[in-house]
Amino acid sequence: MKERLLELKQEALDKVTAAEDVKGLQEVRVQYLGKKGPITEVLRGMGKLPAEERPVIGQLANDVREEISNAIETKQTKLEEQALEKQLAEETIDVTLPGRPAPSGGRHLLTSIIEEIEDLFIGMGFEVAEGPEVESDYYNFEALNLPKGHPARDMQDSFYITEEILMRTHTSPVQARTMEKHEGKGPVKVICPGKVYRRDTDDATHSHQFTQIEGLLVDEHVRMSDLKGVLNEFAKQMFGEDREIRLRPSFFPFTEPSVEMDISCKMCGGEGCSVCKGTGWIEILGAGMVHPNVLQMAGYDPEKYTGFAFGMGPERIAMLKYGIDDIRHFYTNDIRFLNQFHKA
Ligand code: 2NL
């Protein structure tokens with residue numbers, strides 16, 4: 001019996017040593033120390049032993065159980081430690097790896113262009129003024145010499161909200177409001193950038209929502225030559241020192257006389273090409289001397305005060321500057337388009 005117990009002990013200890021995981025170890029425990037295990041079996045047969053041997057075998061059986069149990073315990077602790085070490089090793093973070101690049105945003109091309117134009121005019125002493133995009137019929141049309149029934153109101157098919165309220169069709173109402181605030185006293189020297197709205201069908205050159213920058217200078221003794229000087233400075237700073245400008249007669253209801261300004265074509269150097277449609281000149285903006293009716297309605301004495309005004313479309317400026325062929329690129333927000341214009 002003694003041999004049988006020692007044999008079982010060796011057998012169990014070998015299996016503990018061989019166990020590769022906690023599960024295998026549990027199996028050894030059940031197999032040798034369980035109620036139906038061989039050691040229990042041996043103890044059950046103790047009744048057949050002589051009385052003096054019983055305590056000796058009983059003691060030995062208990063010692064064997066104890067020893068196997070301890071071995072399992074020790075091995076279990078070891079296996080758990082190994083498992084933890086393995087897990088830690090697998091989850092190690094390599095702090096020397098380069099980080100994943102975080103995509104960074106940037107200014108929209110239109111925002112950059114508008115800020116560039118703003119800075120340029122700020123450099124010439126202009127202030128930036130803003131105003132509401134939802135405007136009254138009075139400031140959008142009436143105050144700009146466009147009375148009800150004026151044909152130019154049809155020309156600028158608008159988004160009306162009520163009979164008297166609409167989405168502004170140009171940024172001129174901001175200038176009308178600015179003049180009004182000055183209560184008939186000069187000088188006024190502002191540029192007004194912002195979104196404007198017109199009922200157009202969107203295509204490569206039309207958008208129902210776009211941006212505009214207008215400028216206004218009102219003071220005593222303001223002349224057409226002042227306008228020309230300011231616009232010439234703008235054209236050279238924006239498009240290059242080598243550019244020429246020319247003014248052509250035009251018509252706007254809020255200016256008299258009115259002009260349109262062209263810049264010389266850089267693509268062909270004035271020879272004529274597809275960009276300038278063979279003329280050597282590219283139209284950039286409209287301008288003129290503020291109509292006396294507009295000055296009067298804003299509270300200025302047109303006998304004492306004169307002014308010039310101009311208006312341009314930043315989308316058009318950007319399209320010319322960067323050779324963009326479709327105005328819709330500004331509003332469809334294709335990241336591949338927009339990313340081309342980030343300055344660092
Ligand atoms: C264009 C032409 C223009 C103005 C805008 C203006 C504003 C006031 C008084 C007089 Cl308050 N004029 N603005 C004048 C001439 C032309 O814009 O083609 N814009 C894209």
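A polar contact is here a pair of N or O atoms within 3.5 Å; within protein, one atom must be able to donate a hydrogen and the other to accept it, and residues adjacent in sequence count only if both atoms are side-chain atoms. The structure is a predicted model, in which local features need pLDDT of at least 70 and side-chain atom pairs count only at pLDDT 80 or more, while totals for chains, interfaces and linings use all residues. Residues are numbered from 1 along each chain as its sequence is written, and side-chain values use heavy atoms, with hydrogens and water left out.

**The ligand and its shell**

A polar backbone atom of glycine 311 lies 3.2 Å from a nitrogen atom of the ligand, and a polar side-chain atom of glutamine 212 lies 3.5 Å from a ligand nitrogen atom. On its own the ligand has 490 Å² of accessible area, of which the protein covers 87%; such areas come from the Shrake-Rupley method with a 1.4 Å probe, and for residues only the protein chains shown count as cover.

The ligand is surrounded by 15 residues, the closest being Glu214, Phe254, Gly286, Ala309 and Gly311, where a residue is near a molecule or strand if one of its heavy atoms lies within 4 Å of it. Two or more residues of this shell come from each of α8 (172-181), β5 (209-220), β8 (281-290) and β9 (305-312), and β9 gives the largest share, 4 residues. These element names refer to DSSP runs numbered from the N terminus, with helices (H or I) of at least four residues and strands (E) of at least two. By class, the shell holds 8 nonpolar, 6 polar and 1 charged residues; Ala, Val, Leu, Ile, Met, Phe, Trp, Tyr, Cys and Pro count as nonpolar, Asp, Glu, Lys and Arg as charged, and the others, Gly among them, as polar.

**The second largest pocket**

The second largest pocket holds about 230 Å³ of space. A pocket is found on a 1 Å grid over the protein atoms alone, as an open set of points where a 1.4 Å probe fits, with protein on both sides within 12 Å along at least five of seven lines, and its lining residues have an atom within 4 Å of a point. Grid points are joined across faces, edges and corners, and the volume is the space filled by probe spheres set on the points.

This pocket is lined by 13 residues, of which Ile114, Glu130, Pro193, Gly194 and Lys195 are the closest to its centre. Both α5 (109-122) and β4 (188-197) supply at least two residues of the lining, with the largest share, 5 residues, coming from α5. The lining comprises 3 nonpolar, 4 polar and 6 charged residues.

The table lists relative accessible areas, for which buried means under 20%, exposed over 50%, and partly exposed in between, with a 1.4 Å probe and protein chains only.

| Residue | Relative accessible area | Class |
|---|---|---|
| Alanine 298 | 8% | buried |
| Histidine 342 | 28% | partly exposed |
| Arginine 328 | 37% | partly exposed |
| Asparagine 333 | 46% | partly exposed |
| Glutamate 183 | 63% | exposed |

Glutamate 183, in the loop between α8 and β4, has a positive phi of about 50° although it is not a glycine. Asparagine 333 sits in the loop between α12 (329-332) and α13 (335-338), and its phi, near 55°, is likewise a positive value in a residue other than glycine.

Histidine 342 belongs to the segment after α13, and its C-alpha atom is separated by 9.0 Å from that of glycine 105, which is 237 residues apart from it along the chain. Alanine 298, in the loop between α10 (292-297) and β9, is 21 residues apart in sequence from lysine 277 and 40 Å apart from it in space, C-alpha to C-alpha.

**A cis peptide bond**

The peptide bond from glutamate 256 to proline 257 is cis, with omega near 0°, and proline 257 lies in strand β7 (residues 255-264).
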